[in-house]
Amino acid sequence: MKSLTPKEIVAELDKYIIGQDAAKKKVAIALRNRWRRQQLDESLREEVAPKNIIMIGPTGVGKTEIARRLAKLADAPFIKVEASKFTEVGYVGRDCESMIRELTEVAVHMVREEMLEAIRPKAAAAAERRLLDILLPPRPSAARKIYRPGDPEAGDDAPVAMSPEPDAEARTREILLAKLRSGDLDAREVDVEVRETGSPQTMQVFSNAGLEEMGFNIQEMFERFMPQRTKRRRVTVAEARGILEQEEAQNLLDMDAIVREAVYRTENAGIVFLDEIDKIAGHGAPRSGPDVSREGVQRDILPIVEGSTVTTKYGPVKTDHILFIAAGAFHMSKVSDLIPELQGRFPIRVELNSLNLDDFKRILREPENSLIKQYQALLATEGVAVEFDDECVDLLASVCEKVNASSENIGARRLHTILEYLLEDLLFEASEMNGKRVRLNAADVQKRLAGIAEDRDLTKYIL
């Protein structure tokens with residue numbers, strides 16, 4: 001886990017998310033507390049529970065992006081799940097425990113990729129040796145004698161010397177190795193033995209019947225019992241290198257070590273972003289009959305957030321120290337509509353502000369991944385240079401604020417639609433404009449978007 005200070009965490013989040021300083025501060029403290037917990041004695045470390053967070057705010061203000069960037073900063077396993085997809089156990093729908101199984105899968109993938117990167121030089125060297133043996137099979141070092149039943153030592157035929165000049169063979173291999181590394185042999189075709197992979201279609205009938213939710217991959221289980229088969233393929237040297245490197249990397253990987261590290265990371269650094277939690281909150285009115293998609297889901301989520309053990313195909317995973325970040329708009333309900341036990345497991349609550357005109361201007365200009373920079377990079381692939389002057393950006397922000405105010409407020413997501421509509425003709429014709437420079441100003445925005453901004457039937461143009 002990276003030991004970033006809260007100020008450093010906020011500074012990193014500021015590169016991608018505009019505003020929402022209160023939310024950034026709270027998640028920065030929560031992340032730093034995880035590092036602090038790791039520095040404690042083992043006896044006290046187990047007693048320190050994570051302080052889960054509820055983010056309250058309308059869509060498009062940065063709730064998901066804050067959690068996603070936070071996990072990336074910490075190199076922590078992270079998943080985003082929608083609470084509305086779950087139902088109470090025993091009903092058709094996703095099991096709440098599946099979120100922990102998915103988080104463990106993410107952790108296994110992360111650790112596996114890290115270990116693959118670490119062993120890549122060894123795998124490349126081993127693949128290079130195998131490829132060299134395919135191009136120039138080594139000869140036996142000792143002379144082979146022809147067997148005769150009468151007298152094996154003095155047969156009719158003299159011994160056959162297979163390698164009269166070992167130095168010459170070594171020089172030949174060095175020459176081939178140099179050509180192999182320089183890429184001179186990449187187009188040459190060779191025959192390689194490739195491991196056959198099982199057909200996923202054979203198990204498709206069972207995978208949709210709920211076994212996936214049980215956390216067991218039936219196909220993997222069958223592959224362990226069935227012998228590994230290989231087939232000969234004729235490929236280029238460049239393709240063979242990739243195939244052999246992958247096989248050697250698989251041979252070098254220690255899956256037991258990967259699983260141990262992944263389970264540890266899941267339990268001590270995992271982050272679950274539970275979106276749309278307001279959709280499972282009751283509305284305060286008494287209801288008759290089971291409410292399997294609201295209070296039923298809350299009751300099933302509660303033990304996971306409180307701390308329990310979930311069975312996965314990698315073994316049991318404890319959820320006591322997983323950080324849960326819940327989020328919801330809470331337009332039709334309040335946090336107090338959640339069951340009291342679940343409210344108590346989210347002690348930190350923060351309200352995110354709706355975006356205003358200045359926020360939209362900053363969102364278009366400042367983030368490292370701003371939409372303007374994205375479109376400029378996309379069009380640059382066609383050789384088209386696009387510039388937005390300051391008045392153009394200001395007017396785009398103004399249109400976005402106006403449309404959000406007069407129709408559904410979807411926050412910064414409105415900018416995606418507005419910019420796509422503004423640049424539609426340019427994106428369509430860019431392939432025929434190689435080498436041209438385009439500068440967009442306020443008049444271009446006015447010409448393209450003014451009529452839409454004034455039209456009350458905005459759903460025809462802007463979603």
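**Strands and a helix pair**

Analyst: Strand 1 (residues 53-56) is covered on both faces, with Ile53 and Met55 buried on one side and Ile54 and Ile56 buried on the other. Buried stands for under 20% relative accessible area, exposed for over 50% and partly exposed for in between, with a 1.4 Å probe and protein chains only. Strands (E, at least two residues) and helices (H or I, at least four) are DSSP runs numbered from the N terminus. The model is predicted, so local features need pLDDT of at least 70 and side-chain atom pairs pLDDT 80 or more, while totals for chains, interfaces and linings use all residues. Residues are numbered from 1 along each chain as its sequence is written, and side-chain values use heavy atoms, without hydrogens and water.

User: Which residue of strand 9 is the bridge partner of Met55?

Analyst: Strands pair if DSSP finds at least two bridges between them. Strand 1 and strand 9 (residues 348-351) have four bridges and pair in the parallel sense. The partner of Met55 in strand 9 is Val350.

User: Which residue of strand 8 does Met55 stand opposite?

Analyst: Strand 1 also pairs with strand 8 (residues 323-328), in the parallel sense and over four bridges. Within this pairing, Ile54 has Ala326 as its bridge partner. Met55 stands opposite Ala327.

User: Which residue of strand 8 stands opposite Leu274?

Analyst: Strand 5 (residues 271-275) runs parallel to strand 8, joined by four bridges. Leu274 stands opposite Ala326.

User: How many residues of strand 8 are buried?

Analyst: Leu323, Ile325 and Ala327 point one way and Phe324, Ala326 and Gly328 the other way, and all are buried. The count for strand 8 is six of six.

User: What is the orientation of helix 1 to helix 4?

Analyst: Helix 1 (residues 6-14) and helix 4 (residues 63-74) pack at about 125 degrees with axes 10 Å apart. Axes are lines fitted to C-alpha atoms over the stretch in contact, and angles run from 0 to 180 degrees between N-to-C directions. Under 35 degrees counts as roughly parallel, over 145 as roughly antiparallel, 65 to 115 as roughly perpendicular and the rest as oblique. Helix 1 is therefore, relative to helix 4, oblique.

User: Which residues of helix 4 make the contact with helix 1?

Analyst: Contact means heavy atoms within 4.5 Å. On helix 1 the contact is made by Ile9, Glu12 and Leu13, and on helix 4 by Ile66, Arg69, Leu70 and Leu73.
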